[in-house]
Amino acid sequence: MRRPIIAGNWKMYKTIPEALEFVRIFKPLVVASTHCEIVIAPVFTAIKSMADRLEGSNVEVAAQDSAADPGPGAFTGEVSASMIRDAGGRWVIIGHSERRQYYGETDESVGAKIRSAVGAGLLPIVCVGERLEDRDATRAETVVEAQLTAGMRNLTVTEASRIIVAYEPVWAIGTGRTATPETAQEMHAFIRSRLGAMFGDRIAQTTRILYGGSVKPDNIVALMDQVDIDGGLVGGASLEADSFARIINYKERG
Ligand code: PEP
């Protein structure tokens, strides 16, 4: 059994007071939501305050990135995986398409970040996904396979067992255009088969694969109905407590 994960990616939104106000409203809305793991990734500066405020609850905190080098060291502007743990984070998003697109993230840097994150005891949510031109040229699977292989090829089976994969087609992020549940399922099944080829059947069957790309309260049920979709990575709809809680509580409407 794979326990679902619903994770919110807040990108560069919310100050510390705004994040804590969200927590105040949100916590009671999900206090009984034990069917899944709940994760929120605020900006770095809010991780500590949020983790303190959420201590003992069923909501955990993630970072949106972490350094490739385990550090400590002379890497101006970087935050290491162990520093994220020190601030109370338990998870980290790695290789988000916005980081690949705007900040020069490569499959190789993603690989190094994954290893440092696992080494520090964080749970990495590794993002993969094709651009629209890749899908139109029928090379979506080739692109996703290359991202997976390059990002994960140096991991041991034990390290791989800590990874969560998020399939986020770039054309569906922040566009309101979701992949149909069938399209997402097809890619999730493909990712699972590639994990099997790399790390064996146990890793293939136990790795949680999240879907991301315009997940909303009204499409989460159909997505979660798919056998290989184990949760969601939610951007825009995680910024508002009520809509994020409705996504998490999808079972009540399923
Ligand atoms: C994301 O940022 O990972 C994301 C999926 O965003 P949105 O839900 O807004 O498409």
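Which residues lie nearest the centre of the largest pocket? Here are some notes to read alongside the model.

1. **Ground rules.** This is a predicted model, in which local features need pLDDT of at least 70 and side-chain atom pairs count only at pLDDT 80 or more, while totals for chains, interfaces and linings use all residues. Residues are numbered from 1 along each chain as its sequence is written, and side-chain values use heavy atoms, with hydrogens and water left out.

2. **The largest pocket.** Lys11, Met12, Gln64, Arg99 and Tyr103 lie nearest the centre, out of 19 lining residues. The space inside is about 510 Å³. A pocket here is an open set of points on a 1 Å grid over the protein atoms alone, where a 1.4 Å probe fits and protein lies on both sides within 12 Å along at least five of seven lines; lining residues have an atom within 4 Å of a point. The volume is the space filled by probe spheres set on the points, which are joined across faces, edges and corners.

3. **Its lining.** Helix H4 (residues 97-102) gives the most to this lining, with three residues. Helices are DSSP runs of H or I with at least four residues, strands are E runs of at least two, and both are numbered from the N terminus. By type, the lining has nine nonpolar, five polar and five charged residues. In this count Ala, Val, Leu, Ile, Met, Phe, Trp, Tyr, Cys and Pro are nonpolar, Asp, Glu, Lys and Arg are charged, and the others, Gly among them, are polar.

4. Lysine 11 sits in the loop between strand S1 (5-9) and helix H1 (16-30). Its phi is positive, about 50°, although lysine 11 is not a glycine. Lysine 11 counts as buried because its relative accessibility is 18%, and buried means under 20% relative accessible area, with exposed over 50% and partly exposed in between (1.4 Å probe, protein chains only). Lysine 14 lies in the loop between S1 and H1 too, and has a positive phi near 80°. At 22% relative accessible area, lysine 14 is partly exposed. Most residues other than glycine have a negative phi, and most peptide bonds are trans. The bond from glycine 71 to proline 72 is cis, with omega near -5°.

5. **The nonpolar core.** The largest core has 66 residues, and those touching the most other members are Ile6, Phe26, Met50, Ile114, Met152, Ile191 and Tyr211. Such a core is a set of buried Ala, Val, Leu, Ile, Met, Phe, Trp, Tyr and Cys residues joined through side-chain atoms within 4.5 Å. Another core, of 14 residues, lies apart from it and includes Ile5, Ala7, Trp91 and Leu233.

6. **Strand S6.** Both faces of S6 (residues 164-167) are covered, with Ile164 and Ala166 buried on one side and Val165 and Tyr167 buried on the other. Two strands pair if DSSP finds at least two bridges between them. Cysteine 127 stands opposite alanine 166, and valine 165 opposite isoleucine 209.

7. Beyond its neighbours within four places in sequence, glutamine 185 contacts (heavy atoms within 4.5 Å) Gln226, Val227, Asp228 and Ile229.
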